[in-house]
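Here is a quick tour for someone meeting this protein model for the first time. Have a look at it, then read on.

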Amino acid sequence: MRITFLDFDNRMIKYALVTGGSRGLGRAICIKLAKMGLPVIINYQSNEDAANETKQLIETEGGVAELLPFNVTDKNAIDTALSQWEEAHPDAYIAYLVNNAGIRRDGMMFMMPDEDWHAVLDTTLNGFFYISRRLLGTMMRKRHGGKIVNISSLSGLHGMAGQANYSAAKAGLIGATKSLALEVASRNVTVNAVAPGFIDTDMTKELDKESLEQMVPMKRFGKPEEVAELVGFLMSDAASYITGEVISINGGLFT
């Protein structure tokens, strides 16, 4: 797979931004994109130690990484952080975006607090909206466009009991992916979604893994690195004619 990190028309370096990039799936994606030759911006909200660890892992392998903390639900914080980054990098722009940040607050809907509903939707959907909108203008002005990959979920395709908030957020992200892909295709910007099933990360560590693995035809949870490989492909030049797609990676579950 090949990825272009330099805009030869403008001689500007193209960066990748991964939201929620400090741990788990986000960390694996950051490492994969760095191995493909992209300088990576690792977004995180509060866990600076984990973000620094991800940065060090990338740099140990010879990659380039930077940290950019902000809360993806806070429009003003996003605008400030990205403006400051752009001022500090006049010879670069963000051409690759992975909207990965997300949280789970599971519970039956009839008992779900308002804050659990809003927190989950705000993180996934408002995060996608604020950041993508902020970066799309630059992507669309460039001849070589840009690439956006949104991390959805199996829950957004099939629903899960006790996850009305999470399923709504991830299903909404799929709808937004398809609509945005149509809006920006003529500007050479691709927008796709990846829908992982059960992946072995911090987000799933409290689940009954042994029981859930029996539901999966492959009889195991996926690895973050396996999802990262798919994201890497969608970011590569080889995937330039793929847009508006939702690709499941779930070991055959609900196929």
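Predicted model: local features only at pLDDT ≥ 70, side-chain atom pairs only at ≥ 80, totals over all residues.

Residues are numbered from 1 along each chain as its sequence is written, and side-chain values use heavy atoms, leaving out hydrogens and water.

The chain has eight helices and eight strands (DSSP runs: H or I of at least four residues for helices, E of at least two for strands, numbered from the N terminus). Its radius of gyration is 17 Å, close to the 18 Å from the globule rule for 255 residues, so the chain is as compact as a globular protein of that length. That radius is taken over C-alpha atoms, and the rule is 2.2 Å times the number of residues to the power 0.38.

Of the 255 residues, 50% are buried, meaning under 20% relative accessible area; exposed is over 50% and partly exposed lies in between, with a 1.4 Å probe and protein chains only. The C-alpha atoms fill a box of roughly 50 × 40 × 35 Å along the principal axes.

Now for the loops. Most residues other than glycine have a negative phi.

| Residue | Phi | Loop | Relative accessible area |
|---|---|---|---|
| Asn-188 | about 65° | between α6 (164-184) and β7 (189-196) | 38% |
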